[in-house]
Amino acid sequence: MHSFNLSLEHITKIEGNASLSVKVEDGKVKEVNFKTMEYKRFFTEAMKGKSISALPAHLARICGTCSNAHIICSIEACENAIGITATEQTKILRALTLHGLIIRDHALHLYLFSMPDIYGKDAFLDFDENNPEEHQLLHDGFEVKAAGNFLATLISGRSVHATYPAVGGFLHFPDKAGIDEAIKKLQSVRPAILRLIEVFKNAPFHFDRKTQYMALVPEYSYGYINGSIKTSKGETYGEDKFRDHLEHVVLPYSQASAYQYDGEGYMVGALARVNLAKDLLHPETKKSLKSLGDILNLFPSTDIFYNNLAQAIEILHSVDESIDLLSNNNFAAEPLIKVMPREGVGIGVIEAPRGTLYHKVVVGADGLVKEGEVIVPTGQNQINIERDVATLVQNLLPDTPKEKIEFEIEKLIRAYDPCMSCAAHFLKVNWE
Amino acid sequence: MDEAKKIKIGWFSFSCCEDNTIVMTEVMNDHWQEWKKIFDFRHVRVLKSKNIYNEFDIAFIEGAIASDEQETQLKDIRSRSKKLVAVGACAVVGLPAGQRNTFTAEQNQSIQFLIDRFKALPKVLRVKDVVKVDAEIPGCPMSPDNFLKVVNDLVAELQK
């Protein structure tokens with residue numbers, strides 16, 4: 001194996017459509033291009049002129065699976081632009097919206113996308129119902145997903161493109177029967193999540209190297225909406241300063257953008273969050289993790305395959321936190337805080353399932369959007385993904401068959417849980 | 001069920017946010033045991049790696065058509081499929097994926113270099129602008145109930 005080009009036209013079991021090409025010359029990896037195959041849909045151009053009340057639902061359409069993260073982030077940006085402060089109940093309902101999303105989205109990734117690699121299967125549905133372990137996991141997978149879907153639907157109207165969250169509050173409120181059922185469902189899937197954590201703790205895949213990471217870290221308890229940006233270098237800065245630290249990188253071969261931090265690639269997502277905020281996890285989550293063998297001692301880690309384990313831990317945290325929030329709060333109908341248009345610039349930063357999500361909106365005195373910007377997690381992981389694939393392939397040369405290299409590349413990319421629908425949504429006029 | 005008698009399913013995503021794919025995987029939470037018995041998911045990239053691209057009893061098409069390449073691929077899928085179903089708003093009405101169709105001249109000018117760079121079509125198309133469609137499931141995303149109704153009706157027809 002001396003010089004060759006390797007090309008994966010369609011990477012499977014990820015969100016959206018991505019391809020990858022690797023150029024090897026004289027036994028050395030010269031170039032890796034990870035690119036989205038999604039066509040641009042120009043959301044940041046289309047948002048211009050929209051009313052801010054309509055903006056969050058519009059930007060949700062950037063991505064199906066991450067839609068509820070885009071809604072909450074866009075609402076935060078819009079409210080910051082016009083000076084609305086959400087009520088305590090609204091904050092709780094938004095937190096629950098993201099917990100529902102984390103449960104169902106991580107479960108989709110872990111069971112349907114990543115777990116088949118561990119069990120040597122092509123698809124999750126190929127798991128053998130006559131094998132007790134595989135039978136259990138099959139049922140676990142769909143039950144955990146269903147519990148997250150139920151929570152998301154109860155709180156936000158739909159698990160995809162939620163209809164209840166709005167600028168100024170919520171349009172609908174959970175009833176007692178729904179809350180009781182959600183608690184029951186969440187409690188019932190807890191044993192399945194512990195089995196999931198064990199599967200990914202014991203998974204035989206590892207890929208470690210030095211890398212930077214960052215996440216939005218709350219002050220008191222582990223969550224996805226508030227806090228400050230913290231980095232692996234120990235720096236901390238406010239949400240409004242997040243964008244100032246990112247450098248946009250042009251990728252002429254892809255319909256997406258990439259970002260660097262301090263001149264280097266970095267990583268966002270569940271692994272970054274658990275690394276930076278593991279002490280803030282729910283007490284019940286920590287107790288269970290301890291009983292499974294001090295799993296939190298594995299963090300901080302830069303082994304990208306532990307991103308899967310970190311996602312499994314987050315599912316457990318979101319279940320425990322949701323049970324608490326649903327059990328200890330009464331939810332009553334509240335009117336929306338009225339939108340009073342005024343000129344302003346608003347920033348929203350939240351942790352979406354795949355990492356830090358940034359929305360900026362510039363609003364005119366008429367309440368219409370003048371312009372905006374959206375930075376998605378996959379764009380932030382892009383440079384790391386390419387660099388890691390280069391290292392992986394180099395390590396596998398010269399003796400590994402091409403098919404095996406391709407499988408290993410897909411497995412590594414899957415561990416990042418990229419979202420190509422998000423990556424291709426927008427327009428960057430400074431490309432040329 | 002005998003593997004050969006299973007209904008061959010293809011699921012294809014073009015220009016969209018893939019919300020219908022997610023809804024399909026959520027509907028699966030309650031129906032996977034029955035679907036495993038009757039469906040051969042032979043080309044569904046979100047579910048598997050070893051996809052088979054030959055013939056389909058039902059091809060589900062999500063998303064709008066944004067390039068010549070996508071148009072050619074959609075026609076090819078049609079030629080291999082007994083039934084073709086457009087799922088979700090982007091496939092059925094072309095929006096919001098095709099929102100650039102509604103842009104002003106000034107907006108179009110600002111994005112033209114990207115349309116050129118990636119050889120996108122001048123106008124984004126609906127699925128039925130390109131091929132014959134047997135059923136449509138509108139919605140952004142499609143509603144799980146409407147999806148199940150179309151699936152069940154087609155299964156009944158194909159199993160006659």
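The model is predicted. Chain A has 13 helices and 14 strands. Its radius of gyration is 21 Å, close to the 22 Å that the globule rule gives for 432 residues, so chain A is as compact as a globular protein of that length. The C-alpha trace of chain A spans about 65 × 55 × 35 Å along its principal axes. Of the 432 residues in chain A, 54% are buried. Among contacts in chain A between residues at least 6 apart in sequence, 74% join residues at least 24 apart.

Two packed helices are described by the angle between their axes and the distance between the axes. In chain A, helix α11 (residues 377–396) packs against helix α12 (residues 402–416) at an angle of about 150°, and their axes are 10 Å apart. Angles over 145 degrees count as roughly antiparallel, and α11(A) and α12(A) are therefore roughly antiparallel to each other. Their crossing is right-handed. On the α11(A) side, the residues that meet α12(A) include I385(A), V389(A) and L392(A); on the α12(A) side, I405(A), I409(A) and L412(A) are among them. The residues of this contact divide into 10 nonpolar, 1 polar and 2 charged.

Between the chains, 38 residues of chain B are in contact with 36 residues of chain A. On the chain B side, the elements that give two or more residues are α1 (19–38), β4 (65–67) and α4 (105–117) of chain B. The largest share, 11 residues, comes from α1(B). By residue class, this side of chain B divides into 19 nonpolar, 10 polar and 9 charged.

How values were computed. Residues numbered from 1 in each chain as written. Chains lettered and ligands numbered in written order. Predicted model: local features only at pLDDT ≥ 70, side-chain atom pairs only at ≥ 80, totals over all residues. Axes fitted to C-alpha atoms, helices over the stretch in contact; angles between N-to-C directions. Helix = DSSP H or I, 4+ residues; strand = E, 2+ residues; numbered from the N terminus. Parallel < 35°, antiparallel > 145°, perpendicular 65-115°, else oblique. Left-handed = near helix turned anticlockwise from the far one by under 90°. Contact = placed C-beta atoms within 7 Å. Nonpolar A, V, L, I, M, F, W, Y, C, P; charged D, E, K, R; others polar. Rg over C-alpha atoms; globule rule 2.2 N^0.38 Å. Buried ≥ 20, exposed ≤ 12 C-beta atoms within 10 Å, placed from the backbone.
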